[in-house]
Each structure stands twice: as C-alpha cells, then as structure tokens.
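Here are my notes for someone opening this one for the first time. Have a look at the model, then go through the points in order.

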Amino acid sequence: MPAITICRTPAPFWSSERTLPGVPPFELRRTATTPGDPIPMPGGLTLTPDRPLDWLAEADLIVVPGLVDHDTPVAEPVLDALRSAHRAGTPIAALCAGAFVLARAGLLDGRRAVTHWHLAPQLQARHPEITVEPDALFIEDGNLWTSAGTAAGIDLCLHLVRLAHGAEAAATVARSMVTAPFRTGTQAQFIQHPTPRTDRDADTLAAVREYALRHLHEPLTVADLARHAGMAPRTFARHFTAATGTTPLRWLLDQRIAAAQRLLERTDLPMPEVARRAGFGSEVTMRQHFASRLATSPRAYRAAFSATASSTAPSPAPAGSRPIAR
C-alpha cells in the first residue's frame with residue numbers, strides 16, 4: 001500500500017469542492033511515499049497523491065482506505081507515519097479492510113476494532129491481541145476508528161462530521177449524498193439471510209416507523225407500536241429487530257436523541273420544551289440519555305453546535321467528544 005488516501009466512497013465527505021450550507025469546507029489531501037505517482041484504483045481509475053507522508057504531521061484527521069486485498073503489503077514508512085501521527089494525538093480512521101493496516105502498525109493492540117464481517121475471523125486470527133467486534137458498524141478506541149463494509153464507512157464518516165460540526169452538518173451532508181444521516185443496528189443483520197417476510201409486513205413496519213416519528217412527543221411504548229402495526233407485541237418486536245437490526249425501544253431512543261439534537265441546534269427553546277417535543281418527558285431524563293449515549297449534556301451540546309449562538313461566543317466541544325479539528 002503506497003499511499004494513505006481517502007477511498008472512493010467517503011471522498012465526497014471531505015472534498016474541498018463541496019459547498020453546502022452549514023457545512024464548513026474541508027481540505028482534502030492524499031499522501032504517499034512517492035507523491036505525484038498515479039496509483040491504480042478499482043474500476044480502472046487512478047489516484048494521484050499530492051503530499052509526502054511527512055505531511056501527516058499537519059493533518060487533523062487521517063483516513064486509511066479500505067483495501068481491495070487485505071493481504072496487500074504495507075510499506076514500513078507508512079506504518080511509521082501512522083504510529084507517529086497516533087502518538088501526536090491525531091485521530092485515525094480505517095475503513096473496512098483498512099483495519100489490517102492499523103493492526104500491522106501495532107496500533108490496535110489491546111483495543112477493540114471492527115472490519116467487514118467476512119474478514120473479522122481473519123483479523124482476529126492474525127492479531128489475537130485485538131478484540132474484534134464482528135457485529136459493530138464502527139468502533140472508536142483510543143482515538144482510533146475502524147468500520148465495517150462500504151456503507152459502514154459512510155456511517156463512520158458521517159459520525160466524524162457529526163462529532164466535529166454537529167448533527168445538522170452531518171444531516172446536510174447525508175441529504176446531499178441521498179443517504180440516511182444515522183443508521184441503527186449492527187452487521188448481524190447482514191451476516192445471515194433475514195427471515196422471509198411478506199411485502200405487507202415490510203410496508204407495515206415502515207408505516208409504523210413513520211407514525212412513530214410523527215408522534216415522538218408522545219409516551220410511545222412497544223405495545224403502542226405493535227397495536228398500530230396490528231401485531232402482538234412479541235411478534236412486532238421480533239419482526240422489527242429482524243428488519244432494522246435494533247429493538248423498537250432502542251430505535252425510539254435513537255430517534256428522540258436525534259430530534260433533541262436538531263432542536264438544540266436550530267432553536268432557542270428552553271430545555272424542558274426540547275425534552276417534551278423530543279419525547280423524553282423531562283429535562284432530567286433527556287440529560288441522562290445524552291450523558292450515556294453522547295457523553296455530553298444538552299446544554300453543552302447546544303453551546304457547541306447551536307446555529308443561533310453568537311459567533312463571538314466561545315463554543316466548547318461536548319465533554320467526552322474528540323473533535324476532528326484541533
């Protein structure tokens with residue numbers, strides 16, 4: 001692997017040519033041991049690196065691409081550059097089989113990591129010092145990010161945008177790419193063939209999710225959603241988990257957190273009203289879920305990402321987050 005680049009799919013996230021309202025410009029650089037030499041890519045494309053490896057010392061984020069062949073040799077200067085960047089505190093994200101590169105650099109020793117489910121057993125066998133999580137879409141451990149397949153690489157890049165610039169910026173990028181800003185579930189839903197279901201059941205579950213999104217402010221329960229679907233609660237929960245990879249209650253919580261994030265970013269509503277509209281019932285409950293899921297508080301999140309905040313006021317990052325820009 002002669003270069004550290006951003007591979008084909010996530011490249012649009014960081015392109016300096018992207019101009020979207022509310023999304024700051026990114027400076028995209030491609031580094032290599034020999035910059036200027038074209039690198040063949042899948043599908044007959046080529047990529048020309050524009051910076052030497054030592055430029056990584058200036059990067060705010062390094063993305064290791066997914067490899068076509070996880071057995072691709074990795075030049076020692078590349079591994080050294082990654083080690084140096086990690087020691088300096090630069091976040092490093094590896095997409096799909098790119099986790100093998102971080103593993104060869106020794107950066108994942110004693111840490112949790114993920115790769116494509118098809119490659120997870122090989123990563124674990126070759127590097128037993130790593131705790132491979134075969135089901136996760138992406139994982140962060142010690143400022144090192146790893147992700148599963150191509151779509152999970154999109155999930156990870158959106159998450160990194162969300163951490164640095166807020167949920168609204170990530171949602172704007174997702175809309176421009178015609179993809180979901182946040183996916184729930186795990187790789188487990190893709191490893192095995194899902195239980196066959198009729199088109200009617202799939203349409204029913206989609207309608208229930210749409211209904212839930214319109215009624216997030218109400219105290220919805222699994223029994224409420226099952227009744228709306230015309231199913232018994234246990235049957236509904238089983239079909240819902242098979243279709244989405246997550247439980248109905250966890251899905252509801254994810255949607256409520258996302259709704260609260262949007263309200264905190266876009267409005268000056270008081271915290272109790274944000275909690276009510278997002279369906280948390282009380283500010284205390286909302287604060288508890290923000291702490292457990294986002295490692296921050298609603299007030300800190302608003303201070304960091306509110307579009308209505310004064311441009312001259314300081315904007316601290318949420319506690320526990322790792323902003324891309326240092």
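1. A word on terms before the tour: helices (H or I, at least four residues) and strands (E, at least two) are DSSP runs, numbered from the N terminus. This is a predicted model, in which local features need pLDDT of at least 70, side-chain atom pairs count only at pLDDT 80 or more, and totals for chains, interfaces and linings use all residues. Residues are numbered from 1 along each chain as its sequence is written, and side-chain values use heavy atoms, with hydrogens and water left out.

2. Start at Gln124, which sits in helix H4 (residues 120-126). Gln124 is partly exposed, with a relative accessible area of 28%; buried means under 20%, exposed over 50%, and partly exposed in between (1.4 Å probe, protein chains only). Setting aside its neighbours within four places in sequence, Gln124 is in contact (heavy atoms within 4.5 Å) with Ile130, Thr131 and Val132. Pro134 is ten residues from Gln124 in sequence, and the two are 9.5 Å apart in space, C-alpha to C-alpha.

3. Next, helix H5 (residues 150-165). From first C-alpha to last, its 16 residues reach 23 Å, close to the 22 Å expected at 1.5 Å a residue; that expected span is 1.5 Å times one less than the number of residues. H5 is mostly covered, with 13 of its 16 residues buried. Just after H5 comes Gly166, with a positive phi of about 100°.

4. Now the rings. How many aromatic pairs does a search of the whole structure find? It finds five. One of them is Phe236 with Phe240, a tilted pair at 5.6 Å centre to centre and 50° between the planes. Rings of Phe, Tyr and Trp (its six-membered ring) pair if their centres lie within 6.5 Å; planes under 30 degrees apart count as stacked, over 60 as edge-to-face and the rest as tilted.

5. Both Phe236 and Phe240 belong to helix H10 (residues 233-244), four residues apart, or about one turn of the helix. An α-helix has 3.6 residues a turn, so residues three or four places apart point the same way. Phe236 is buried at 0% relative accessible area, and Phe240 is buried at 1%. Together with Trp251, Phe236 and Phe240 form one aromatic cluster.

6. Finally, Phe290 and Tyr301 make an edge-to-face pair, 6.1 Å centre to centre with 80° between the planes. Phe290 is in helix H13 (residues 283-294) and Tyr301 in helix H14 (residues 298-305), so the pair ties together parts eleven residues apart in sequence. Are these two buried or exposed? Phe290 and Tyr301 are both buried.
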